[in-house]
Every structure is written in structure tokens, then in C-alpha cells.
Amino acid sequence: MTMQFNDETFRGDYTYHNSPEAIRRFPFPFDQDSYMYSVNIEQHPGGPKGTPFEKMFDVDEHYVAEMKDREITLAEDPLRCQSLPHMELAGWDLLELIMVSKAKDYPDLFTLHRDGNDWHWINKPLGIEKKFTFLDATTLPCGPMEYITRQTQGDFALLHERDNNLWMDAGMVTSQADWSLDFDVGMNFFEWHAPVPKARKMGVFDKALKFLLAVGQGQHYRRLNWTMTVNPRLDTSPENYHKWGPEKRTITPENVGQKQFLRVELQTFFRLPRSNALAFPIRCYLMNLEDIASKPKWGRRLHRVLRDIDPALAEYKGFAVNQKIIVDYLAQFDDGAPTSPGI
Ligand code: HEM
């Protein structure tokens, strides 16, 4: 295998780390010195070689460790994976999309042989080899969505379309920025977005839903979202708030560079062929402030964004409590130079 996978943890001793290559390809989300919600959607895949935007499903050095972390979370709380009965076909669609894409994009890591509905899947990094019958759930150890998302980085929501709306009727959610699949399952686009400040009044959700409903077969799109997380923790769920919430109070001027992470979500949209459902993968990238500031343009820009952000967004994203320490730390990387638009 050409790719090296990190031996690291996202809880307990938090040994998660980014190599120089991971720092180079980090999807820094700010193309200007300020930030406000917008319908920032563009075509996917597509982007310079080696970036997380190049392939349909990015696989990187954190793959194996992220899958282990998912396994731990699911063992403690099986409700992180739910699929309402009518969503099984969408699960097969998703399994097909991921297996076909990964086998094409990473032939040294994944192989898929298909003979009619007799499929043979080999996942080398996780040591999995499986023969099964496509569309026959009795030939897999669990449902198709659970099977493939236990082998794919990022969270997944599967949306059923009806009544001109999208309904979160299935998902695998173990690396979320403080929202709960168990709470949201069965909700529609406006209901699950209700806690987000400002965006509804700005018309962001009306426009976004209109766009998503118009996504046709074979079309794929992406957007970036971001938040802040103390320690490199994937599972920042409401269910486990008692574990990670208190960690916010451990930030000091001395440790903020290492312990405060920018959490970037690469969100993609795929219309699925048989079910007409929409797949919404949410891939999480974590990088601490010290590593971000190793790129002068990023350190400078992040300082300005977090210094000037609307207080309602700082509160919603959960970093208002540490905003001063973060901004004071980042100020040392801001020489006041003007920056040009673009990343
Ligand atoms: C936040 C799901 C598409 C904009 C959220 C949240 C969820 C979610 C669960 C957290 C809400 C909470 O606090 O409980 C989804 C799903 C989508 C989708 C499943 C696909 C159908 C979009 C699109 C936009 C968008 C297309 C375009 C603008 C936002 C914004 C936030 C948000 C601005 C707040 C994020 C933050 O400040 O960290 N979304 N979303 N969402 N969503 Fe979506």
C-alpha cells in the first residue's frame, strides 16, 4: 500500500496528529478575512491534485484510526446508526457509490469485482474481504449503509425527498459537531436546521433547499463548513457532552496552540440512482492552531476571522468561552499585511 496510516487516538490520550503532508492539504475554509453563512456550494469532485477535493471520497492518513474510533462509539451507543425501513434501498445505492468510487480512485487500497449481483469487495487497509449479493441484505453482517459507512471516513445522512422537502431518514453519525442523529432522525431540512442562528432569516436555508431538490442523477456538489473543537475529538455529540464539554475549560494561553482545533467539514451531495435519495457525507478534518499558523497566510486570516466574527456565531459554534485566548494567541501571526481573496 502506498499510503501510511497513523497510529493515533481521538479520545483519552489524544495522540491524533497531522503529518506535513496532511497540513499541506488541509481544506482551510476561509477565502477572505471575514466569515458569514452563505450558500457556498460548488461542483464535486474537482480541485488540484492531492487536495481533499480531487476524489469523490477522500482517504487519508487518518483512515484506519477514524474507523476504529467509529467502532468504539457504535459499541457504546448503537443509535448513532439508524435507518428507517424505507431507506434500505438508499443504503445499497450508497454502498455502490462508495465501493465503485474507492475502487476506481484508490486501486491499491480497494478492489471491487462485480459479476451481476455477485460482488467481491476487498478493503486492504482494514483487512476486509467479503463476497456478497448486491441488494440482498442477508449476505452482509449488517445493513448496507452501516456496512459501508463503517469503512468510510466522515458522517453520513441519507435524505428522503417528499413534499418538496428533505427528510433525515437514515444516517451514520459518530463525528459530529454537537448534533444528534437520534434527535434529528425523521426531521425535515428546516426542522433539523432550527438551532442555527441568523441563516434562516438570511434566506440561506430556502435557497439551499431549492438547490438540493434540483440536484439530478449523476450530479455531485460540495460545500465547506467549520467550527472549533478543544482536543482532537471526533465524537463531539450532545450524547457525550458531559465528556467533552468540560474540556473547553482546560484551554490556557500556554496550551491553546496545541489543544484548540479548527474543525472543517467537507460536505458533499450525491443524488442516488435507485432510491432518488440524497446522500450527504460530512467529512471532518481537524488541525490545531499551531499547525495552522505554520502557514503564515492561514494564521493571519484565521486571526481576523475569529476576532471579527458575529458573536451569535461564536456562541453557536461553542468557542465564545475561549475566544479571547484564541484571538490573543493568533494575533502574533498577524502582521497587519493585506491579504488577497482566495485560499
Ligand atoms: C448546520 C445537516 C445541508 C447550512 C447543520 C446541522 C445539521 C445539518 C444536523 C447542525 C444543526 C444543529 O445545531 O443541531 C445538514 C444536512 C444537509 C445540510 C443533512 C443536507 C441535506 C446544508 C446546506 C447548507 C447548510 C446545503 C447551505 C448553506 C448549514 C449551516 C449550519 C448547518 C450554515 C450551521 C453550521 C455552523 O455554524 O457550524 N446542518 N445540512 N446545510 N447547516 Fe446544514
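Tyr-16 and Phe-261 are both buried, where buried means under 20% relative accessible area with a 1.4 Å probe and the protein chains only.

## Basis of the model

This is a predicted model, in which local features need pLDDT of at least 70 and side-chain atom pairs count only at pLDDT 80 or more, while totals for chains, interfaces and linings use all residues. Residues are numbered from 1 along each chain as its sequence is written, and side-chain values use heavy atoms, with hydrogens and water left out.

## Aromatic pairs

A pair of aromatic rings is described by the distance of the centres and the angle of the planes. Rings of Phe, Tyr and Trp (its six-membered ring) pair if their centres lie within 6.5 Å; planes under 30 degrees apart count as stacked, over 60 as edge-to-face and the rest as tilted. By this rule there are 26 aromatic pairs. The ring centres of Tyr-16 and Phe-261 are 6.2 Å apart and their planes stand at 65°, so the pair is edge-to-face. Tyr-16 lies in the segment before α1 (20-24) and Phe-261 in strand β9, so the pair ties together parts that are 245 residues apart in sequence. Helices (H or I, at least four residues) and strands (E, at least two) are DSSP runs, numbered from the N terminus.

Ring pairs also join Phe-26, Phe-28, Phe-30, Tyr-35, Tyr-37, Trp-226, Trp-298 and Phe-319 into a cluster.

## Ligand shell

The ligand is surrounded by 23 residues, of which the closest are Tyr-37, Trp-192, His-193, Tyr-316 and Lys-317; a residue counts as near if one of its heavy atoms lies within 4 Å. A polar side-chain atom of Tyr-37 is 2.5 Å from a ligand oxygen atom, and one of Tyr-316 is 2.4 Å from a ligand oxygen atom. An N or O atom in the side chain of His-193 lies 2.8 Å from a nitrogen atom of the ligand.

Two or more residues of the shell come from each of β6 (155-162), α6 (189-192), α7 (204-213) and β8 (220-230). The largest share, 4 residues, belongs to α7. By class, the shell has 17 nonpolar, 3 polar and 3 charged residues. Here Ala, Val, Leu, Ile, Met, Phe, Trp, Tyr, Cys and Pro count as nonpolar, Asp, Glu, Lys and Arg as charged, and the others, Gly among them, as polar.

## Cavities

On a 1 Å grid over the protein atoms alone, a cavity is a set of points where a 1.4 Å probe fits but cannot get out, and lining residues have an atom within 4 Å of a point. The count comes to 3 cavities of 30 Å³ or more. Of its 13 lining residues, Met-56, Phe-57, Asp-58, Thr-268 and Arg-283 are the closest to its centre. Strands β9 (260-271) and β10 (278-288) each give two or more residues to this lining, and β10 gives the most, with 3 residues.

The second largest cavity has a volume of about 40 Å³. Its lining includes Glu-66, Asp-69 and Arg-70, and divides into 2 nonpolar, 3 polar and 3 charged residues.

## Second largest pocket

A pocket is an open set with protein on both sides within 12 Å along at least five of seven lines. The second largest pocket contains about 620 Å³ of space. Among its 30 lining residues, the closest to its centre are Phe-28, Pro-29, Asp-31, Leu-224 and Ile-343. Strand β8 gives the most to this lining, with 3 residues.

Conventions. Polar contact = N/O pair within 3.5 Å; in protein donor to acceptor, adjacent residues only side chain to side chain. Points joined across faces, edges and corners; volume = space filled by probe spheres on them. Buried < 20%, exposed > 50% of the residue type's maximum accessible area, 1.4 Å probe, protein only.
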